[in-house]
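Subject: Structure handover

Hello,

Here is the structure for you to look over. My notes on what turned up follow below it.

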Amino acid sequence: MIVLGLSGAVNHDASAALYIDGKLVAAAEEERFLRDKHAKGKMPYEATKFCLEQAGIRPDQIDIVAFPYAEIGLKSPARWHYAKRHWYAPDRALTALFSGNRRYWRNHRNVMKLLDDLGIGAKRVKFVPVEHHLAHASSAYHLSGFKEKTAIIGIDGKGEYATTFFGYGENGKIHKIKEFYDPDSLGGVYGALTEYLGFEMLDGEFKVMGMAPYGDPKRFDFSRLIEYKDGEFKVNTKLVNVVGTRRFKKNGKGYFFSPELIEWLGPMREGDEKDEPYIDYAASIQDLLEKTALKLIDFYLGDIIKETGKIAYAGGVALNVKLNQRIIAMPGVKELFVQPAASDAGTAIGAASYASQLAGVPVEKMEHVYLGPAYTTEQCIEACEQYEQPVKWRRMANVTAETAKILADGNPVSWFQGHMEFGPRALGNRSILGSPSHPGVADRINAQIKYRERWRPFCPSMLDTIAPEILQTDHPSPYMTFTFDVAESWKSRIPEVVHEDGTARAQIVTKATNPRYYSLLQEMEKLTGNGVVLNTSLNRRGEPMVCSPTDALNMFFGSDLEYLVMEDILITKDDHQPI
Ligand SMILES: [Fe+2]
């Protein structure tokens, strides 16, 4: 049975994923093909075409198309809650009550058009709409591989109306315990503060989290933003998660916070520096998110956690690795699985896996994220030969040993191999690498390409053989979805990947899931004594991750990077470099 999952329901992060008989055979985000980060307002045309090509199937062979957005009935408390809480913007409140599925039908039209345009056949195929938070839940629970009763968490900005989901999975079925609805959204509050701190919502949340350890959460009391009592929480919509006339406006743009917030905290942050009081605000919002989420998780899922210790988690907020570290530290937690594509791109996998289970075909455990396009060495050479300027390349006799040598000499290397990653993290196939033991390598990467805020941390990939010693835990971490406290003895060995607060957002690499990357880490261990590399995504600031060899060449020649490894070839710029 062939199931295609599509996302793009809430105007960003369109993607496609394909299941054949319960096996996830391909998945990709539209932004990578369009070269437009988050592909706002786009449907996943190119991603769908890629999935079909990768699987080697025709469009008319697809049995089911699943979409992570469903109709919400008037009997559901969702629309009533939304209307009641938006009394100050009567047009919104009335729309929720009288035309509450307007967006669903707009989505439906767009999907049907895509199915016809691509020859899948809107009338022929079975269409399965899946509630947005059930799709997130499925992407976590059904892909976790957990057999025991599993606590399920979903926290994001908003789907149809729901913002927060607590439930459990048992015997392959998902059960809802509790949902919260817009405007009561933890992701929304964090996003509003992200905007206030001068970053883009749905993109800059990582930066707020990265800034938080520099500040003091005790200097400002943010509890007025969210009221929590006995398992219920309410967002203060006088300050954040505001719509219509309550929005703060500047240069023609409306924000998700109000002028009252500016009166309280002062002007919005501008520029690239980390400075007071903004670092303290970042610390305070991170602290508020952690405290509220932990209380809710304990309230609704505490019993299940005590029983089995297993948790599956998705939704944009699940990418908050600091909160995840605190969840793992909760009493009774044995293992937390965070869907690596936790934000909306992952709902394509979620909807497809949900529909597959519903049709009686259980889906396999997710083993890796290498689900995108791959290119042979010959295709990489062809891209070099056809490039708009002469490209100096040569075949490497021993790719991993030679690359490790360049890294160990203190050089950043662009590293392109295998299938592109699905989700926001580069996990060793579209990465920029450096030796974390080499002081100043992070600055060199920033100078050569990333040009990102200097205070943001870089992260490590490490051999599974040494990870427990570095991270002081046996908890799995294949996808960089958690931070861990780095052992004292390792802090000075890999200083370039340890954050201000002594943590690292680590990827533990196994030979089975990525043999070439594993071999590179082993070579690094031979040369430096540390089987660790600094790993950041292969892209320039503001651009999506590189997809094809030509994208890699564009990025390489548009930066000051000196080394690009693509499959078996090494590309350099300067005659002085070893080639
Ligand atoms: Fe979502």
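**The sheet and its helices**

Strand β4, residues 64-67, runs parallel to β5 and is joined to β5 by four bridges. Within that pairing, Val65 sits opposite Phe127 of β5. Please keep in mind that this is a predicted model.

**The iron site**

Which residues coordinate the iron ion? They are His132 and His136, each through NE2, and Asp156 and Asp344, each through OD. The distances are 2.1 to 2.3 Å. The angles subtended by the four donor atoms range from 90 to 170°, which makes the arrangement irregular. For a tetrahedral label, all angles would have to lie between 85 and 135 degrees. Along the chain, the donors follow the spacing H-x3-H-x19-D-x187-D.

His132 is in helix α6 (residues 132-144), while Asp344 is in the loop between β14 (335-338) and α12. The pair therefore ties together parts that are 212 residues apart in sequence. Both His132 and Asp344 are buried.

His136 also lies in helix α6. Is His136 buried or exposed? His136 is buried, with a relative accessible area of 0%. Leaving aside neighbours within four places in sequence, His136 is in contact with Asp156, Ala314, Gly315, Ala342, Ser343, Asp344 and Thr347. Two of those contacts, Asp156 and Asp344, are themselves iron ligands.

**Aromatic pairs**

How many aromatic pairs does the structure hold? There are 22. Two of them deserve a look.

Phe180 and Tyr300 form an edge-to-face pair. Their centres are 6.2 Å apart, with 75° between the planes. Phe180 lies in strand β8 (residues 173-181) and Tyr300 in helix α10 (residues 278-308), so the pair links parts 120 residues apart in sequence. Phe180 is buried, as is Tyr300.

Phe222 and Trp264 have ring centres 5.3 Å apart and planes at 50°, so this pair is tilted. Phe222 is in the loop between α8 (205-211) and β9 (226-229), and Trp264 is in helix α9 (residues 259-265). This pair therefore ties together parts 42 residues apart in sequence. Phe222 is buried at 3% relative accessible area. Trp264 is partly exposed at 23%.

Ring pairs also build a cluster from Tyr196, Phe220, Phe222, Phe248, Tyr255, Phe257, Trp264, Tyr278 and Tyr281. The tilted pair of Phe222 and Trp264 has both its members in that cluster.

**Backbone points to check**

Where are the cis peptide bonds? One joins Asp182 and Pro183, with omega about 10°. Pro183 is in the loop between β8 and α7. Another joins Glu276 and Pro277, with omega about 0°. Pro277 is in the loop between α9 and α10.

Positive phi values turn up at two residues other than glycine, Asp13 and Asp230:

- Asp13 has phi near 60°. It is found in the loop between β1 and β2. Asp13 is buried, with a relative accessible area of 10%.
- Asp230 has phi near 45°. It is found in the loop between β9 and β10 (232-235). Asp230 is exposed, at 57% relative accessible area.

Leu202 lies in the loop between α7 (186-196) and α8. Leu202 is partly exposed, with a relative accessible area of 44%. Not counting residues up to four places away in sequence, Leu202 touches His12 and His38. Leu202 and Ser559 are 357 residues apart in sequence and 26 Å apart in space, C-alpha to C-alpha.

Best wishes

Notes:
Residues are numbered from 1 along each chain as its sequence is written. This is a predicted model: local features need pLDDT of at least 70, side-chain atom pairs count only at pLDDT 80 or more; totals for chains, interfaces and linings use all residues. Side-chain values use heavy atoms; hydrogens and water are left out. Two strands pair if DSSP finds at least two bridges between them. Helices (H or I, at least four residues) and strands (E, at least two) are DSSP runs, numbered from the N terminus. Donors are N, O and S atoms within 2.8 Å of the metal (3.2 Å for Na, K and Ca); water is not among the atoms, so sites may look incomplete. Four donors count as tetrahedral if all angles lie between 85 and 135 degrees; four count as square planar and six as octahedral if opposite donors are over 155 degrees apart and all others between 65 and 115; anything else is irregular. Buried means under 20% relative accessible area, exposed over 50%, partly exposed in between (1.4 Å probe, protein chains only). Rings of Phe, Tyr and Trp (its six-membered ring) pair if their centres lie within 6.5 Å; planes under 30 degrees apart count as stacked, over 60 as edge-to-face and the rest as tilted. Contact means heavy atoms within 4.5 Å.
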